[in-house]
Amino acid sequence: MSTPGLDRSAAHALDIDWVRSQFPSLQTQVNGQPAAFLDGPAGTQVPTQVMHAIQNYLMGANANTCGAFLTSRRTDELLNTARAAMADFFHCQRDEVVFGQNMTTITFSVSRAIGREWNAGDEIVLTTLDHDANFSPWKALEEKGAVIRQVDIREDDCTLNLDDLKSKLNGKTKLVAVGYASNAVGAINPVAEITRLAHAVGALVYIDAVHFAPHGLIDVKALDCDFLVCSPYKFFGPHLGTLYGKRQHLQGFRPYKVRPCTDQAPERWETGTQVHELIAGIGAAVEYIAELGRHSDPSVVTRREALAAAYRTTVAYERRLVSRLIEGLQSISGVRIYGITDPRRFAERCSTLSLRIGNHNPTTIAAFLGERGIFTWDGNYYALNLTERLGVEAQGGMLRIGLVHYNTLDEVERLLTALREFAIR
Ligand SMILES: Cc1ncc(COP(=O)(O)O)c(C=O)c1O
């Protein structure tokens, strides 16, 4: 499987020193050791330019929108600029970008708005692999008579069972809600193919790209999905969410809104006053990724090309990290890795994985690592259907290691050394 936009040319090498110099928080120390931030799937660190953009907004543009004075006009401009940046990020038009509090809140509001158009007996296809934020908002529509069809995984490699998905599509299917990549096991779903299958039966497709966004270039045009949602705090920006919606849907479906608010998309979906200072940070986060692309490949011209160049570089780099991680973990006794481990299939995964060590509670392992300055996550990370399906929910779930492009091979080696130490205690 190839990621749209990533197959143009060989990747340029990542300049890891340049990358790390952009993120001041990477200098954090724990008990005299440098912190290793392997917790990216729960939120990434933030480069300096994002912090500056937030501060600059508050210093020189802080106001509400659409007023007849300087700071309000600056705020309008800033929202436009950030929307244009996200349009390049998604590969869509500016008026197809919606800002919101986070992915979960956006998804609840979209599910409520879409669900009001449906009838009892209409079907929604959901998956066992998804984060609960792309499950519960749709499942809530059962109250209105919607029927939920849940797609299973293949247990051996924790990937989505496409045959099962196909068997659940029919003329009553109204929507397929599916993740682009699993926040627990790193599997990348074939979302272009899923979109094609869903459209063939007349269903809409809602893609949760929260986990994918820091790991690959998103191209909603190539995917042809109806909606796609992600959270800038997972791709080096502030704590917010953003939605892509096809123009016809953002204009056609009816969001719950107050009367004085405009009925024009995309603003009609943005209830109340937005967190303008953080939206300033979204624009800067996209600019950071573009800057990384320009740094890797000075021949790029447009911002979209720069974003593609950045991901060409980071995908290759992250693959090296996860290859070494998996190889190292396989030599530690008692480690069980959940997800794809065959290097020939690494294009089907990103650099996130979950593991267990014997019967040890993942919280104990995370605390052991945490004392050594290695930040990982334990539990179900809201991929509740998956931990239940794998039978590990009652045993504390799994330990998650999330590598992004600011992590290093040295950090992977430190993690492996610490896990070896833990395993032989
Ligand atoms: C895959 C995935 N989807 C959805 C969410 C929810 O995102 P938010 O925190 O923006 O609501 C997360 C958060 O961890 C996630 O990893």
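Predicted model: local features only at pLDDT ≥ 70, side-chain atom pairs only at ≥ 80, totals over all residues.
Two residues are said to be in contact here when heavy atoms of one lie within 4.5 Å of heavy atoms of the other.

Two packed helices are described by the angle between their axes and the distance between the axes. For helix α10, which covers residues 276-296, and helix α11, which covers residues 303-329, the axes come within 7 Å and cross at roughly 70°. Angles of 65 to 115 degrees count as roughly perpendicular, and α10 is therefore roughly perpendicular to α11. On the α10 side, the meeting residues are V286, E287, I289, A290, L292, G293, R294 and S296. Their counterparts in α11 are R303, A306, L307, A309, A310, Y311, T313 and T314. Sorted by class, this contact has nine nonpolar, four polar and three charged residues.

Attention now turns to the ligand. Its surroundings are formed by N102, M103, T104, H131, A133, N183, D208, V210, H211, S231, Y233 and K234. Several of these residues can be followed down to single atoms. A polar backbone atom of M103 is 2.8 Å from an oxygen atom of the ligand. For T104, an N or O atom of the side chain is 2.5 Å from a ligand oxygen, and for K234 the corresponding side-chain distance to an oxygen atom of the ligand is 2.6 Å. On its own, the ligand has 390 Å² of accessible area, and the protein covers 89% of that.

Two details of the backbone are also worth a look. A265 and P266 are joined by a cis peptide bond, with omega at about 5°; P266 belongs to the loop between α9 (247-252) and α10. In the loop between β7 (153-154) and β8 (159-160) sits C158. Although C158 is not a glycine, its phi is positive, at about 55°.

Notes:
Residues numbered from 1 in each chain as written. Heavy atoms only, no water. Axes fitted to C-alpha atoms, helices over the stretch in contact; angles between N-to-C directions. Helix = DSSP H or I, 4+ residues; strand = E, 2+ residues; numbered from the N terminus. Parallel < 35°, antiparallel > 145°, perpendicular 65-115°, else oblique. Nonpolar A, V, L, I, M, F, W, Y, C, P; charged D, E, K, R; others polar. Near = heavy atom within 4 Å. Polar contact = N/O pair within 3.5 Å; in protein donor to acceptor, adjacent residues only side chain to side chain. Areas by Shrake-Rupley, 256 points an atom, 1.4 Å probe, with all protein chains shown as cover.
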